[in-house]
Amino acid sequence: DGGITQSPKYLFRKEGQNVTLSCEQNLNHDAMYWYRQDPGQGLRLIYYSQIVNDFQKGDIAEGYSVSREKKESFPLTVTSAQKNPTAFYLCASNHRRTDTQYFGPGTRLTVL
Amino acid sequence: KQEVTQIPAALSVPEGENLVLNCSFTDSAIYNLQWFRQDPGKGLTSLLLIQSSQREQTSGRLNASLDKSSGRSTLYIAASQPGDSATYLCAVGVNNNDMRFGAGTRLTVKP
């Protein structure tokens, strides 16, 4: 089955630790995205990547880092510099021609 | 900066009722507009995508309209069912990489 997978589903982090969220897609999509969702708010864009080895900051990139070494993978690292990292993180991808964004199931990160 | 608003934040209707969800945006220069469904604790599922040059899109019991001049889109759900209960999100494409999301309308369809 084609789709986007995110792991883990739940993640707990102690303050001061870096954690990496996984996002993998087998849809052969060029573009991939990371969003953050907080209760009662819309999704906010953290980073996006249009092609391998290239990525751009979104609205709330501070305290986050990404890499795009393979077309299928776009991991997100939440660093200790992110002051309020507890949130629901969603990864998405789309093919340039269709524009429709497809989302993964999300990772819920909680800082203890 | 494009801002997207969805009102109401929550809506409860009896099964079988037709309903309309509203989305408004501040800048009419949009790339596209997409409606999503989100179940609790899950990712988003795309329902309908309307390109900037289009006025509406239909899929089954769903119809989405777009009026750029007034900065509005509506999602019409016909003959609602309990399985339609979810949060519905509107997202406005600023370009082919940047989308602005509303906070969503949480819909409950009562049997």
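Which element gives the most residues to the lining of the second largest pocket? The answer is S10(B), with three residues, and the views below place that strand among the other features of this predicted model.

In this predicted model, local features need pLDDT of at least 70 and side-chain atom pairs count only at pLDDT 80 or more, while totals for chains, interfaces and linings use all residues. Residues are numbered from 1 along each chain as its sequence is written, chains are lettered from A and ligands numbered from 1 in the order in which they are written, and side-chain values use heavy atoms, with hydrogens and water left out.

**View 1. The second largest pocket, lined by residues that include B:Arg100 and A:Leu43.** The space amounts to about 280 Å³, a volume being what is filled by probe spheres set on grid points joined across faces, edges and corners. A pocket is an open set of points on a 1 Å grid over the protein atoms alone, with protein on both sides within 12 Å along at least five of seven lines, and lining residues have an atom within 4 Å of a point; a cavity is a set where a 1.4 Å probe fits but cannot get out. Of the 16 lining residues, A:Leu43, A:Arg44, B:Lys1, B:Arg100 and B:Phe101 lie nearest the centre. Two or more residues come from each of S5 of chain A and strand S10 (99-101) of chain B, strands being DSSP runs (E, at least two residues) numbered from the N terminus. By class the lining has six nonpolar, four polar and six charged residues, where Ala, Val, Leu, Ile, Met, Phe, Trp, Tyr, Cys and Pro count as nonpolar, Asp, Glu, Lys and Arg as charged, and the others, Gly among them, as polar.

**View 2. The contact between chain A and chain B.** With contact meaning heavy atoms within 4.5 Å, 22 residues of chain A and 21 residues of chain B take part. The chains bury about 1600 Å² between them, 46% of it on carbon and sulfur atoms; buried area is the accessible area (1.4 Å probe) that two parts lose on being put together, summed over both. On the chain A side, A:Leu43, A:Asp99 and A:Phe103 lose the most area to chain B, together 27% of what that side buries.

**View 3. The salt bridge of A:Asp59 and B:Arg100.**

**View 4. The largest pocket, of about 450 Å³.** Among its 22 lining residues, A:Gln37, A:Pro39, A:Gly40, B:Gln38 and B:Thr87 are the closest to the centre. The lining divides into nine nonpolar, eight polar and five charged residues, and S9(B) gives the most, with three residues.

**View 5. The two cavities of 30 Å³ or more.** The largest cavity, of about 50 Å³, has a lining that includes A:Tyr33, A:Asp99, B:Tyr31 and B:Met99.

Notes:
A salt bridge is a side-chain nitrogen of Lys or Arg within 4 Å of a carboxyl oxygen of Asp or Glu. Helices (H or I, at least four residues) and strands (E, at least two) are DSSP runs, numbered from the N terminus.
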